[in-house]
Amino acid sequence: MSDDTIRLVTIGRIVRRRWRLLTLLALVGALVGYGASVLFPPRYTTSASVLLPGTWEERELLTQTEVATSSVVVDRAAATLGWTGVSGNDLRKQVSAKATDGNIIKITGTAETPERAQRLSDQVAKEFVSYATRIAAESADPEAAQELAALQKSVEDTSRRISRLANAADPGQTVESVQTRTELEKLRTALREAINTLEQADPAEDQAKNMVVMGSAARPTGEAPPTRTQLIAGGALLFFLCAVIGHLTAARMSRRLRGEQEITAALGAALLGTVDVPVERRAQRPDGRGPRWLRRLLGLDVRWDLPAPQSSGDEASRQIRYRRVCSRLRDQQPAPRRLLVVFPEGDESARRAAGQLAVEAGGDPLLRAVAVSVSRPMVPDRDHESGALVVVSAGSWTAGELSGIAEACADAKHAVVGIVLAGPVRATRSAERPRRAAVPALAEFDGELDDATGVTG
């Protein structure tokens with residue numbers, strides 16, 4: 001699988017064959033999420049809005065958000081609230097502000113209870129408005145205010161004089177008097193527009209004074225994320241995904257050979273054929289570490305990275321495959337034909353295939369099967385055999401393990417004459433009975449068997 005593309009069918013196979021382990025890990029992740037929710041108490045969040053009337057530039061709104069969360073405003077709010085053990089520094093971590101559309105500053109407070117979150121947002125909003133108004137009032141220039149007041153008084157005096165001159169003029173008797181009255185009214189209008197422009201020249205003070213809190217903050221009805229439910233669900237999902245990714249990573253890093261060319265290259269011999277081996281569920285359970293009951297409980301006794309065995313044909317079609325392999329051996333080896341059938345220890349499919357080959361050969365060639373440990377391969381020394389036939393199943397052994405078996409055969413002076421691949425298939429009950437009857441010796445594969453099979457353990 002190291003060179004295969006990860007497909008949905010692969011993930012589905014992991015879930016189907018490892019669902020017990022994945023469920024257990026998801027429960028562990030849920031417990032971890034619950035523990036995190038206990039360590040981090042629930043938090044509640046709410047917001048209070050402050051309206052800034054008038055026209056404000058974006059940089060001015062950003063400045064106001066900084067003022068709203070400044071240490072001066074938050075410290076004053078902390079002093080007013082008077083919460084035991086809570087200082088301004090603590091509240092500064094629980095308060096935030098941002099500018100929204102419509103010149104609105106939204107002040108958000110977070111606390112352990114809904115009541116505290118509501119009070120915190122409201123109090124910070126009030127302190128912000130108070131502080132901003134005071135800053136605007138203090139920043140006003142007293143001399144400019146006095147000059148503006150004197151100018152307003154002068155304009156009013158001038159306006160009164162214009163009114164007297166207009167009344168003293170001939171009321172509409174001549175063209176000149178009408179023009180004079182019109183010019184005086186224009187002068188009065190210009191003076192009023194000038195004074196209005198002077199009053200609006202620095203509107204910041206008036207805008208700050210008109211800041212208003214748009215009602216009390218709403219009391220939160222639910223926890224702020226992440227909630228306890230979210231932590232539990234997130235922990236379960238995280239552990240589940242980590243388990244799936246771990247399976248995929250292990251499969252990609254696996255060095256077990258699956259292709260015929262890779263296996264033949266590792267053993268240094270030609271492939272004589274592939275035989276079908278009907279296997280039961282327990283026959284697919286690989287050996288592993290840990291108690292067997294625990295592996296069976298978690299579903300670790302079944303390989304997930306191997307495709308499901310295909311349905312087998314009848315007994316006659318399977319026997320044809322074995323007989324063809326025996327026929328190739330007869331054509332390849334001169335008489336008398338005596339061969340050593342070597343299969344890896346723990347490879348149940350290869351063991352059954354070796355025993356069936358010994359039965360189908362019928363003494364020609366005479367086959368003697370032996371199991372070889374892949375960790376410390378040891379093959380019996382050559383006696384009367386003219387070579388060794390290696391029987392393995394695909395996807396179970398690495399190149400190094402198969403090379404070790406080939407080297408063990410060479411050390412015992414056995415030339416590897418061929419390779420037989422054992423492919424597990426799913427057999428029906430009708431096909432299972434004659435197979436068991438044909439290989440009765442495999443039921444006690446612990447030592448030297450009868451001469452008819454020539455199988456040794």
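I started with the sheet: four strands make an open one, ordered β2-β3-β1-β4, with antiparallel pairing. I counted strands as DSSP runs of E of at least two residues, and helices as runs of H or I of at least four, numbered from the N terminus. Two strands pair if DSSP finds at least two bridges between them.

The model is predicted, so I noted that local features need pLDDT of at least 70 and side-chain atom pairs pLDDT 80 or more, while totals for chains, interfaces and linings use all residues. Residues are numbered from 1 along each chain as its sequence is written, and side-chain values use heavy atoms, without hydrogens and water.

Six bridges join β2 to β3, and the two run antiparallel. K98 stands opposite K106 in β3. Helix α3 packs on the sheet and touches β2 and β3. Contact here means heavy atoms within 4.5 Å. The direction of α3 makes about 165 degrees with that of β2; axes are lines fitted to C-alpha atoms, for helices over the stretch in contact, and angles run from 0 to 180 degrees between N-to-C directions.

Buried means under 20% relative accessible area with a 1.4 Å probe, protein chains only. This core has 26 residues, and V50, I107 and F128 touch the most other members. Helix α6 gives the largest share, seven residues. A second, separate core of 24 residues includes V275 and L367.

How values were computed. Core = buried A, V, L, I, M, F, W, Y, C linked by side-chain atoms within 4.5 Å. Buried < 20%, exposed > 50% of the residue type's maximum accessible area, 1.4 Å probe, protein only.
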